[in-house]
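Q: I'm new to reading protein models. Could you walk me through this one?

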Amino acid sequence: MADPETYYRDLMAGKRGGVGDKALLGLLRLASRPYAAILRLRALGYRLGLIPAHRLPRPVISVGNLVLGGTGKTPTVAWLAAHLMKQGKRVCVLSRGYGGSAEGEIRIVCDGEKLLLTPEEAGDEPCQLAGMLPGLMVVIGSNRYRAGLHALEKLNPDVFILDDGYQHLKLKRDLNILLLDATTPFDNGLTLPGGFLREAPAAAGRADLVICTRATEGKTRTAPVPGKPICWTKHRLSGMIPLGGGPATGFEAAQGPRVMAFSGIANPAAFFDGLEAVGVRPVTTLSFPDHVSYGEPEIAAILRLKTASRSTVLLTTQKDAVKLLPHADQLAGCFAVVLELEFEDSSALEAALAALP
């Protein structure tokens, strides 16, 4: 039997054709209307000042999306942080810490020098970001305003990046960046629970700048949010790093042996397709739910499939790799694949960053 997340995604994609499935889908789509209306009222309350929002005394850049998962928030945050750090800025990422045992608490994940929390405590993405960029500060907290005040007191950053912050309206931002997948920017146009949208498409109007990810070269393009500055990007798999540590290498070592690929992310198909695009053709793949915690059952499932497929190389994502380090001895031949964001033209974004107070 499929897990609830897989079942829901299959249902939304029309892959469940039973009478009960169709009835459930109809009810979920009906429920989308009141859900969307509540979110519109919430956003209006913030816009009119009826619900209080707070401003930090340093610039805040928000990166977020409308569709659940998989639009490239982490590589975008990494690109922004690297760009600002090259200018000598002390950068702090504010994250919710989703999936960690410390979720809800205000905690410093990384002070710019050392990692202070594990992925089990802070969640996978905060630890992934901290590991990608030496010098980056990361703080978690469900209330990002209070987390920012804590960061100011303890770390004194010059600028904040609000990770997954499009719906976190209680913190005011100086630059509001919306990520949309160029292939399906608004999915089926419906909010939860009848679709994958967090808010109705009209909420895109709050953005100061739109970044369309996974853009395909040569295709006719229409700006999904007319009148907004826009950047087109694509995801690029640039190499792989041994799970136990070491320098990044190209994909040559994965283009001859038998390869197994696995992940626990929102859009595993994009990862597997990306491997094919760089000439790596896995003999088998394995998908876990997004933000999976890798315990002994998951490790056992990976090893069983590795043996059954006679694979000698295991490939996974950087997001998964931070949670697999305690199991590195069991996962011989495992590599984390490096995902980078490649801009066709980043001038609109760079101009927006230069205009920050």
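Predicted model: local features only at pLDDT ≥ 70, side-chain atom pairs only at ≥ 80, totals over all residues.

Q: What is the chain built from, and what share of its residues is buried?

A: You'll find ten helices and twelve strands in the protein chain. Of its 357 residues, 49% are buried.

Q: Which radius of gyration does the chain have, and what would a compact globule have?

A: A compact globule with 357 residues would come out near 21 Å; the protein chain has 21 Å, so the two agree.

Q: How do I describe a pair of aromatic rings?

A: You give the distance of the centres and the angle of the planes. This structure holds five such aromatic pairs. One of them is Tyr 8 with Phe 196, an edge-to-face pair at 5.5 Å centre to centre with 90° between the planes. Tyr 8 sits in helix H1, while Phe 196 is in the loop between strand S6 and strand S7, 188 residues apart. Both Tyr 8 and Phe 196 are buried.

Q: How are Phe 262 and Tyr 294 arranged as a pair?

A: Phe 262 and Tyr 294 are edge-to-face too, with 6.3 Å centre to centre and 75° between the planes. Phe 262 belongs to strand S9, and Tyr 294 to the loop between strand S10 and helix H8.

Q: Which residues do ring pairs link into a cluster?

A: Phe 262, Phe 288 and Tyr 294.

Terms used
Residues numbered from 1 in each chain as written. Heavy atoms only, no water. Helix = DSSP H or I, 4+ residues; strand = E, 2+ residues; numbered from the N terminus. Rg over C-alpha atoms; globule rule 2.2 N^0.38 Å. Buried < 20%, exposed > 50% of the residue type's maximum accessible area, 1.4 Å probe, protein only. Phe/Tyr/Trp six-rings, centres within 6.5 Å; stacked < 30°, edge-to-face > 60°.
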